[in-house]
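Here is a short report for someone meeting this protein for the first time. Please keep the sequence and the 3D view open while reading.

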Amino acid sequence: MARIRVGLLPSASFMVGTQAVPKYSDAEKTQFAKDRETGAKLYTITLFFMEEDRAEALKVTVPETGLPNGLKPGVPVMPVELFATPWARIFNGSLSDGIAYRADRLDLVGGLAPAAEADAA
């Protein structure tokens, strides 16, 4: 499957919409999905993407090692090495399709790291 690097305008911004949740590789949710190269657990997080006059919610997969402390709804972040992978499948005769997003890591934006660390203390 083709991975496509996502190009962002300088005006692009992202905000955390939901807490990161573990991604599972089985329907019973007994096996964590893991990065094929590093073995790190994978998480899914909803980010609100805003660019010029549009906004949308994106579900982005990020390895556990790429999730900084202090992530919570409303916190501004920037995905690093963001890729999109189109997908399609036929299930019970119906076509489903979409785009899967993946980032190597999320960086906190605007110097929030010290405040996030203070909240955790």
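This is a predicted model: local features need pLDDT of at least 70, side-chain atom pairs count only at pLDDT 80 or more; totals for chains, interfaces and linings use all residues.

Strand β4 pairs with strand β5 (residues 54–63) in the antiparallel sense, over 10 bridges. Strands here are DSSP E runs of at least two residues, helices are H or I runs of at least four, and both are numbered from the N terminus. Two strands count as paired if DSSP finds at least two bridges between them.

Residues are numbered from 1 along each chain as its sequence is written, and side-chain values use heavy atoms, with hydrogens and water left out.

**The partners of β4**

Strand β4 also pairs with two other strands. Strand β2 joins β4 in antiparallel fashion, and strand β3 runs antiparallel to β4 too. The table lists the pairings.

Why is strand β4 largely enclosed by the rest of the structure? Eight of the 10 residues in β4 (residues 42–51) are buried, so the rest of the structure largely encloses this strand. Buried means under 20% relative accessible area, exposed means over 50%, and partly exposed lies in between, using a 1.4 Å probe and protein chains only.

**Two buried polar residues**

T61 lies in strand β5. T61 is buried, at 8% relative accessibility. Its side chain makes a polar contact of 3.1 Å with the side chain of K23. A polar contact is a pair of N or O atoms within 3.5 Å; within protein, one must be able to donate a hydrogen and the other to accept it, and residues adjacent in sequence count only if both atoms are side-chain atoms. Leaving aside neighbours within four places in sequence, T61 touches K23, L42, Y43, T44, Y101, R102 and A103. Contact means heavy atoms within 4.5 Å.

D35 sits in the loop between β3 and β4. D35 is buried as well, with a relative accessible area of 14%. Which residues does the side chain of D35 reach? The side chain of D35 comes to 2.7 Å from the backbone nitrogen of E37. A polar contact of 2.4 Å links the side chains of D35 and R102. Not counting residues up to four places away in sequence, D35 touches A40, L42 and R102.

**The whole protein**

From the N terminus, the order is β-β-β-β-β-β-β-β-β-α. Its C-alpha atoms fill a box of roughly 50 × 40 × 25 Å along the principal axes. Of its 121 residues, 29% are buried. Among contacts between residues at least 6 apart in sequence, 60% join residues at least 24 apart.
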